Amino acid sequence: MLTNPYLPMVGEVLENHPETPDIFTLRLRLKEPALANNYSFEPGQFNMLYMPGVGEVPISIVSDPDDKHIIDHTIRAVGRVTRVLQKLKVGDETGIRGPYGSSWPMAQIKKKDVLIITGGLGCAPVVSVINYIVKRRADFGRLVIMQGVKHSNDLIWKDQYQQWAALENTQVALAANQTTPAWNWSSGYVTDLFDEVCFDSANSIAMLCGPEIMMSATIRELLQRGMTEAQIWLTMERNMQCAIGHCGHCQHGSQFVCKDGPVFNYPVVREWFFREGF
Amino acid sequence: MLTTMLTKTLTKTLTKTYHAITKNDLQTLLDILNQSYQCVGPTVSEQTLKYSSISKLSQLPLGYIDQQRPGEYQLLHNTDSKDYFSITTGAQGVKPWLFKAQEKLWTVSKQDGRIQFNSQLTDEKPLAIMGLRSCDMAALKLQDQHFLQQQFQDPYYAGHRDNLFIIAVNCHRSTETCFCVSTGDGPEIKEAYDLLLTELEHDFIIQSGSSAGHEVLAILAQQVTLTAVTEQQALEKQQRLNAAAQQSRTLPDRPIAQLLAHRLNHQQWNNIAERCLSCGNCTMVCPSCFCHSEYDEPELDLQTSHHFRQWDSCFASEHSYIAGFHFRKETRQYYRQWLTHKFAFWHEQYGRSGCTGCGRCISWCPAAIDVTEELAILCQETSCHVD
Amino acid sequence: MDKPKIAIHKFASCDGCQLAFLNMGPELLELAAMVNIVHFVEAGMVAPQEEVDIAFIEGSISTEEDIERIKFIRKISRQVISLGACASSGGLQALRNLADGEQWLTELYPEPQYIQSLKNTHPLKKYIKVDFEVWGCPVNAGQIKQLISSLLLGAKPQQTRDRLCLECKRQQRVCTLVVKNRVVKHLVVKHLVVKQQETGQQACLGPITAAGCGALCPSVGRACYGCYGLADNPEPHALSMRLEGLGFIGREIAQKLLMIHSYEESLQKEAQQLSTKQRDIL
């Protein structure tokens with residue numbers, strides 16, 4: 001008898017924490033103990049969350065892979081399903097399938113400088129990486145966190161950035177396109193931050209998350225600063241319905257983003273990346 | 001139960017032995033199959049060929065032939081003809097029987113705040129399908145590869161595919177839109193069937209290609225006379241296959257995959273977009289297209305919801321939609337997505353092109369767009385407007 | 001939680017869309033258990049002034065009184081949903097917008113001064129904010145069920161505008177634009193049937209029309225006439241070019257395009273081009 005990869009498991013809401021009016025972090029636990037014990041994931045992977053009667057949606061996992069029994073998802077309530085997920089209360093049950101997709105190359109990057117470069121709101125897929133590194137600080141080299149937001153008010157986890165900035169051998173650089181007087185970081189785009197940060201380009205790995213236009217501009221900067229394409233990793237977003245490489249929506253060149261990605265080494269997707277219509 | 005090795009050896013010897021049966025003997029074969037299978041085959045319905053349940057020889061399209069041209073499908077009837085299998089293809093082959101156009105995946109029910117998921121894997125009578133052609137057989141292999149031989153197996157497809165009994169039929173003619181010779185998939189069927197029929201003027205040549213096929217053939221042999229194939233019959237078979245190989249359409253004899261992937265800004269995409277309706281019919285009739293979307297149908301009491309999947313198309317605007325953004329917005333991009341996936345990227349994903357030359361996308365295109373013509377222009381030797 | 005209150009209002013229309021509620025059959029009882037239907041004249045509930053959570057509106061806006069009434073309904077309804085072609089795009093009666101309505105009145109009625117209608121008839125969205133549109137002429141019970149259950153679940157209703165072709169092919173229907181099935185074609189010139197000829201394919205509007213009807217017409221071998229409104233990314237020009245190629249004359253195609261949703265600008269534009277061409281021919 002085949003296991004059915006289309007069938008969700010039952011997840012219980014442990015916490016639904018609002019980050020901003022439209023961003024929230026949903027903490028789930030698998031209801032069935034046997035399933036919960038078997039569940040393991042790597043930073044960068046995602047789950048399909050399901051609201052009964054409404055539908056399924058891919059959401060990346062932001063919690064630490066060692067915390068086996070809690071699974072955190074930071075979600076922006078913008079779509080049909082996510083707006084309903086936002087209303088979940090502690091103790092509610094919902095559907096969850098996963099984890100799916102590729103993960104950040106955590107094992108390969110030990111002792112290296114890590115650049116985390118993100119654009120847009122939140123960028124949940126890399127928060128798990130930051131937390132992962134912070135928790136295992138000695139295993140990695142310099143940690144550089146660069147984040148660009150449209151408006152300074154959009155930045156979530158403000159305190160957390162301050163805490164990260166205070167860590168040893170860690171640099172945080174933030175930029176906002178539109179700012180309020182209270183903003184004490186830079187103004188401009190995330191790519192304007194390269195003059196502020198320092199890292200050893202020969203011994204670094206860059207991890208990118210954000211709109212493709214922002215990642216594309218960032219890649220140009222990184223290459224100009226002596227990094228090779230192979231040192232660049234990024235996470236992509238596409239329509240995903242099945243998450244197991246069957247439904248075809250996320251086909252991007254010769255990849256299916258859901259199962260070959262969402263985390264890619266840049267050379268794998270370079271040819272079709274940020275091409276109009278792909 | 002035979003071991004795999006033994007099955008393979010046996011299959012090999014069986015494919016080499018073939019027999020002749022009379023046309024009426026096909027009724028006996030249908031009777032045998034209907035005992036343990038739900039037997040479907042080609043019938044004439046809605047002025048075309050459709051696969052539906054068959055138990056009587058008279059349900060087969062005796063004397064009908066199809067005339068297919070770009071954007072045109074017509075059946076003609078010749079009352080003098082003794083051929084049952086002269087229609088090459090209808091709009092669909094075996095795909096809707098395995099990868100269903102609409103299928104319930106599971107049901108979720110709620111009671112006192114607790115929810116429960118129940119999958120809808122059905123235990124139906126195995127299917128025997130009669131009449132698949134070389135293009136259909138090649139496409140079946142592609143669908144198997146996609147749904148069964150990747151990282152995840154699709155239990156719904158597998159459920160319908162398990163114990164599928166295939167009576168394939170060699171084509172003895174081609175229609176104007178056929179180009180299986182050019183894709184290397186026809187006209188002769190060489191593998192993956194349980195039984196293979198070649199229709200001659202007065203008889204069928206029948207051969208088995210699997211242990212299941214051999215078993216059915218053995219039962220058939222008890223009820224009708226399986227005669228040795230005469231030299232005359234073997235010659236006729238060859239002549240008929242040769243006739244089917246006469247096809248006017250071909251794919252350009254150029255490295256299509258590499259050329260397409262690097263001609264994303266070719267002027268011809270715009271030219272196609274002026275004619276293309278973005279209706280997605282090409283993807284709906286394509287025997288290898290696998291895109292599908294999922295959706296819920298909640299009961300009004302909100303305690304139960306049924307989760308379905310259905311065929312989707314890269315021509316649908318929602319196909320590339322996420323959170324307020326469409327990666328593809330216009331017909332030029334939709335058509336290019338379809339063609340580049342099928343003829344270029346498919347190679348890296350599945351080791352070959354996704355086209356088996358059935359010509360359905362040509363005949364069933366309501367705007368009469370001919371994929372072979374478009375590819376010829378897109379892959380021309382000296383091509384301007386190349387990026 | 002209190003059951004959401006629902007009202008069903010009627011403007012210029014044929015009542016067919018309201019019937020979709022009654023056509024729900026036993027499910028209407030299930031619906032009644034989930035919601036409180038306070039105003040639905042066709043079913044005997046009359047309370048047009050009552051504040052409601054969801055107002056379904058059938059029909060287009062054709063008189064001054066209609067404008068006042070629809071604005072009032074908007075004020076007392078948390079969500080307004082247009083039900084069917086008339087409410088969503090003016091419907092059949094919007095055809096008069098393309099003609100001289102005044103002249104029609106004087107030709108048809110002995111005492112036209114008693115008729116006080118707007119010069120043109122309009123969909124609701126011209127006057128008020130519409131939260132969701134349900135398309136169709138008429139809409140069907142399945143659409144209503146899907147929409148209400150989404151709203152009850154607190155979710156935005158599905159608003160996909162996929163083409164009819166996809167729905168049609170999923171049901172293994174045969175493309176009426178492709179299969180030659182010897183329909184008799186009426187060649188109309190200046191309102192007169194001048195010639196009949198046998199042709200193959202039918203002039204199906206499926207490729208530009210939104211799904212939702214269950215491919216009703218193609219399932220009985222008939223061409224779609226577009227009653228569910230335009231699909232996403234419609235290509236009316238490519239379709240009319242193809243239909244001309246199949247031998248249909250421009251006037252015929254233009255009439256077909258405009259029949260139910262003449263309010264759509266892209267259809268008006270295409271019909272305009274076709275009739276300009278037609279003038280050259282005749």
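## Sheet, helix packing and backbone features of a predicted model

In chain C, five strands form an open sheet in the order S2-S1-S3-S4-S5, with parallel pairing. Strand S2 (36-40) and strand S5 (132-134) of chain C stand at the edges with a single partner strand each, so one side of each has no neighbour in the sheet. From one strand to the next, the twist averages 25°. Strands count as paired if DSSP finds at least two bridges between them; helices (H or I, at least four residues) and strands (E, at least two) are DSSP runs, numbered from the N terminus.

This is a predicted model, in which local features need pLDDT of at least 70 and side-chain atom pairs count only at pLDDT 80 or more, while totals for chains, interfaces and linings use all residues. Residues are numbered from 1 along each chain as its sequence is written, chains are lettered from A and ligands numbered from 1 in the order in which they are written, and side-chain values use heavy atoms, with hydrogens and water left out.

Strand S4 (residues 77-83) of chain C pairs with S5(C) in the parallel sense over three bridges, and Leu83(C) stands opposite Val134(C) in S5(C). Helix H3 (residues 64-76) of chain C lies across strand S1 (5-10), strand S3 (52-58) and S4 of chain C, and runs at about 130° to S4(C). Angles run from 0 to 180 degrees between N-to-C directions, and axes are lines fitted to C-alpha atoms, for helices over the stretch in contact.

In chain B, helix H2 (residues 25-36) packs against helix H7 (residues 211-223) at an angle of about 125°, with the axes 10 Å apart. H2(B) and H7(B) are therefore oblique to each other; angles under 35 degrees count as roughly parallel, over 145 as roughly antiparallel, 65 to 115 as roughly perpendicular and the rest as oblique. Asp25(B), Thr28(B), Leu29(B), Ile32(B) and Leu33(B) in H2(B) meet Val216(B), Ile219(B), Leu220(B) and Gln223(B) in H7(B), where contact means heavy atoms within 4.5 Å.

Most residues other than glycine have a negative phi, and most peptide bonds are trans. The exceptions below concern peptide bonds.

| Cis peptide bond | Omega |
|---|---|
| Gly98(A) to Pro99(A) | near -5° |
| Gly186(B) to Pro187(B) | near 5° |

Pro99(A) is placed in strand S6 (residues 93-100) of chain A, whereas Pro187(B) lies in the loop between helix H6 (180-183) and strand S10 (195-199) of chain B. Ser278(B), not a glycine, has a positive phi of about 55° and counts as buried at 1% relative accessibility. Buried means under 20% relative accessible area, exposed over 50% and partly exposed in between (1.4 Å probe, protein chains only).
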